[in-house]
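Work through the exercises below with the model open. Each task is followed by its solution in steps.

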Amino acid sequence: MDRDHLPRFTAAAVQASPVYLDPAATVDKAVALIAEAAAGGAELVVFPEVFVPGYPYWNWTMNPVQGSPWFERLQRASVDIPGPHVDRLRAAARRHGVVLVIGVNERAPHSLGVLYNTLLTIGPDGELLGVHRKLVPTWAEKLTWTGGDGSSLVVHDTPVGPLGALACGENTNTLARFALLAQGELVHASCYIALPVAPADYDMADAIAVRTAAHSFEGKVFSVVACSTISPEIVDALAGDDEELRKQFTRPRSALSGIFGPDGRPVTEPLVDEEGIVYGEIDLARCIQPKQMHDIVGHYNRFDVFRLEVDNRPRTPVTFTAPTAPTAPTASGAAPIAPATPDPSEEDV
């Protein structure tokens, strides 16, 4: 980023429902919304958490045995990375020249029982910049998702500035947020789902606004927050004839999307509950003067007193000390000895 010419641009927060548990149709909808946002002047487009192909609401309304067939449906409808659905999203970002952040359910390559709540960050050239797996699934979500690792807590250098992203409840995780701020984050993408199935005294719209304002004010950054909505299709699929559940799924103030500035205030009026796109102007020069007062990753901290250490090593279920390759058994039934790995210094140049 050229600090003498800080980016000034339009951001778009998409508030919409997926085509529930249909990844191809949901990607079609996302591609159309990307085109709409770009036509509205947006250079950054942020979508909700696990937009493709939707959120496992059954974890909140069914016991684990009842929800198990739904987990299988979600597993079968989830996204491979790399894969054709991601390729289409990358192509849309490239076609419209936008930076894109979008949530997907990601299938693990090594296990049919592992799904990740994943945020994709895609550059305007279609490059897949980041694959962030939600570190800690929230409460009932633990029945569906496996937690990610610290390798994806990364701020990406993009044409709209240093960009970081967190999923839903991660935006209450002070250390995760600080890890992004300390890498120079100036634009933060917060991706949420509508949560009408939360406890009765929980106002999701207020919760989103409080969290977003807190991160923006503490870090002196801009935040673009995008939340999903509950479509009639989702209500029909999960509530059926249960009138109490139908009433719960249609509860108001379950979603909020918008753009917040470094003073913690909305740049424009947020959108609550309804589908739509919120546009807001971001001028990163507005981050400078507030940081003179409180710069928690600089002069307004005591690094001789406080220290945050992040283990950013990728975690895998198994680690081999040397490269291996599958080999066919010999006639005696014993596997042959694998040939030694060539020493690079002995290879022809």
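The expected span of a helix is 1.5 Å times one less than its number of residues. Helices (H or I, at least four residues) and strands (E, at least two) are DSSP runs, numbered from the N terminus. The model is predicted: local features need pLDDT of at least 70, side-chain atom pairs count only at pLDDT 80 or more, and totals for chains, interfaces and linings use all residues. Residues are numbered from 1 along each chain as its sequence is written, and side-chain values use heavy atoms, with hydrogens and water left out.

**Exercise 1.** Compare the reach of helix H1 with its expected span.

Solution. Step one: H1 covers residues 23-39, which makes 17 residues. Step two: from first to last C-alpha, H1 reaches 24 Å, close to the expected 24 Å. Step three: just after H1, Gly41 has a positive phi of about 100 degrees.

**Exercise 2.** Find which residues of H1 are buried (under 20% relative accessible area, with exposed over 50% and partly exposed in between; 1.4 Å probe, protein chains only).

Solution. Step one: the buried residues of H1 are Pro23, Thr26, Val27, Ala30, Val31, Leu33, Ile34 and Ala37. Step two: an α-helix has 3.6 residues a turn, so residues three or four places apart point the same way. Step three: list what the buried residues of H1 pack against, where contact means heavy atoms within 4.5 Å. The partners include strands E1 (8-15), E2 (42-46), E3 (99-107) and E12 (276-283), as well as helices H3 (64-77) and H4 (84-96).

**Exercise 3.** Is Gln75 buried or exposed? Is Pro64 buried or exposed?

Solution. Step one: Gln75 lies in helix H3, and Pro64 is placed in helix H3 as well. Step two: Gln75 has a relative accessible area of 11%, so Gln75 is buried. Step three: leaving out residues up to four places away in sequence, Gln75 touches Arg107, Leu112 and Leu115. Step four: for Pro64 the relative accessible area is 55%, so Pro64 is exposed. Step five: Pro64 and Ala140, 76 residues apart in sequence, are 9.8 Å apart in space, C-alpha to C-alpha.

**Exercise 4.** Describe the protein chain as a whole.

Solution. Step one: the chain has nine helices and twelve strands. Step two: of its 349 residues, 49% count as buried. Step three: among contacts with a separation of 6 or more, 71% join residues 24 or more positions apart. Step four: the C-alpha atoms fill a box of roughly 75 × 60 × 45 Å along the principal axes.
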